[in-house]
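Here are my notes on the model, as numbered points.

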Amino acid sequence: MGWTMPFFHKTDKALWRLALPMIFSNITVPLLGLVDTAVIGHLDSPDYLAGVAVGATTTSFLFMLLLFLRMSTTGLTAQAWGAKDIPALARALAQPMMLALSAGVAIVALRTPLIDLALHAVGGNENVLYQARRFLEIRWLSTPASLANLVLLGWLLGVQYARAPVILLVVGNVLNITLDLWFVMGLGMNVRGAALATVIAEYGTLLVGLIMVFRVMCLRGIDIQLLKGAWRGNLRRLLALNRDIMLRSLLLQICFASLTIYGARLGNDIVAVNAVLMTLLTFTAYALDGFAYAVEAYSGQAYGARNGGQLLNLWHAACRQAGLVVLCFAVIYACFGRYIIAVLTSLPELRTLADHYLYWQVLLPVIGVWCYLLDGMFVGATRGAEMRNSMAIAAAGFGLTLLTVPVLGNHGLWLALAVFLALRGLSLGWFWRQHWRNRSWFADVE
């Protein structure tokens, strides 16, 4: 049905209008990591760089678990937007914001025991852990702002403010990079300077985000009085949704951490080559994440409006456009993968080793595209329980496939990742098909 339409229908254009800014925003993220590495890497001891790396990884793990704040906010906001329900639109901002600020303040208050626990789990060199602690003690002061920014981004995406992610990320990253150079190179503050730069950038981003949200609120007739009472309502639904998405994120984190742990057992060369190959997969993920965010906003709008035709048009457009992008990636990696790897590493042994696993980079985007798009559909419908169950099925398949590693070696790791992505797509597809058959997709989720 979808393929009989023009290949670039108005729904396709609308999808790109949101997806393209998100893709651009995502690509700015590794730039910040690159600057951090370059600035800290020029100090006189490798312990500084290793400490920042440990601190950044720990922070990333924490914020990935709390990413449910962005996802649930997008879904609930998009539904209220589609239903033209102004009180629900205010509630979709007020309740997650209250949750984000409460969690952020709690993390700041408990950061010393939390840092102790995290660094004990990481282990390793005492000097590195000391620098990581110095970094985290300051970096985690930004937690209330970082979590509030997730909510603001989710809300602005939900109302389809396409420029919001670009403005927020560009402002945050430019501020962070500028302060990083000044504090670390200019004032000699080493790891504490890198952490402080991020803290100030997060609060600066929060200020810009609040200005944008206030502007949208004025346009949509949401006044301060409405917002004050908006925290009341069905808070139980929000908490249940956030619980399910957090469990999903935890399973995802465990699976990706397992790849690193198993890779380490196969030797240093395997860890290094997998890190290089993961760079290719990460670039594909940026593009697919952009589409997933756009699908969240539009599918939530269709859900709120109870419009099945709009939802199907969106699905067909997402399949066409994301499918085309993924095929481009697959062709580029198949034809030029060796040359890209040669740019990423100058070590001949790593280049040779990477050739053995390059075809996985051609296959994985094609296998994984469906789970990204379906994730977007389920976030838009705020169906957190099915997302959690799908991730549990995929994680079980991933764990079973890891049993092939003693026989297949590193190919077993890449096979486990392929099975993981495939099972996520297949299980979510099955759940969606069942809802569509039973006409239950637009039923309210509790």
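1. Buried means under 20% relative accessible area, exposed means over 50%, and partly exposed is in between. The model is predicted, and Cys218 has a relative accessible area of 49% in it, so Cys218 counts as partly exposed. Cys371 has a relative accessible area of 0% and is therefore buried.

2. How many disulfides does a search of the whole structure find? The search gives 0. Cys371, for one, is in no disulfide: the nearest cysteine sulfur belongs to Cys255 and is 12 Å away. The cut-off for a disulfide is a pair of cysteine sulfur atoms within 2.5 Å.

3. Helix H3 covers residues 68–83 and helix H11 residues 235–265; they pack with axes 9 Å apart, at an angle of about 135°. That angle makes H3 oblique to H11. The crossing of this pair, H3 and H11, is right-handed.

4. Which residues make up the contact between H3 and H11? On the H3 side they are Phe68, Met71, Ser72, Leu76 and Gln79. On the H11 side they are Arg237, Leu238, Leu241, Asn242, Ile245, Met246 and Arg248. By class, the residues of this contact are 7 nonpolar, 3 polar and 2 charged.

5. The other pair to note is helix H12 (residues 268–305) with helix H14 (residues 348–380), where the axes are 8 Å apart and the angle is about 15°. Angles under 35 degrees count as roughly parallel, so H12 is roughly parallel to H14. The crossing of H12 and H14 is right-handed. Their contact holds 24 nonpolar, 6 polar and 3 charged residues.

6. Two backbone angles deserve a look. Most residues other than glycine have a negative phi. Lys84 is not a glycine, yet its phi is positive, about 55°. Lys84 sits in the loop between H3 and helix H4 (86–109). Is Lys84 buried or exposed? Its relative accessibility is 73%, so Lys84 counts as exposed.

7. Thr382 also has a positive phi, of about 45°, although it is not a glycine. Its place is the loop between H14 and helix H15 (384–401). Thr382 has a relative accessibility of 4% and therefore counts as buried.

Notes. Residues are numbered from 1 along each chain as its sequence is written. This is a predicted model: local features need pLDDT of at least 70, side-chain atom pairs count only at pLDDT 80 or more; totals for chains, interfaces and linings use all residues. Side-chain values use heavy atoms; hydrogens and water are left out. Buried means under 20% relative accessible area, exposed over 50%, partly exposed in between (1.4 Å probe, protein chains only). Axes are lines fitted to C-alpha atoms, for helices over the stretch in contact, and angles run from 0 to 180 degrees between N-to-C directions. Helices (H or I, at least four residues) and strands (E, at least two) are DSSP runs, numbered from the N terminus. Angles under 35 degrees count as roughly parallel, over 145 as roughly antiparallel, 65 to 115 as roughly perpendicular and the rest as oblique. A crossing is left-handed if the near helix is turned anticlockwise from the far one by less than a right angle, and right-handed if clockwise. Contact means heavy atoms within 4.5 Å. Ala, Val, Leu, Ile, Met, Phe, Trp, Tyr, Cys and Pro count as nonpolar, Asp, Glu, Lys and Arg as charged, and the others, Gly among them, as polar.
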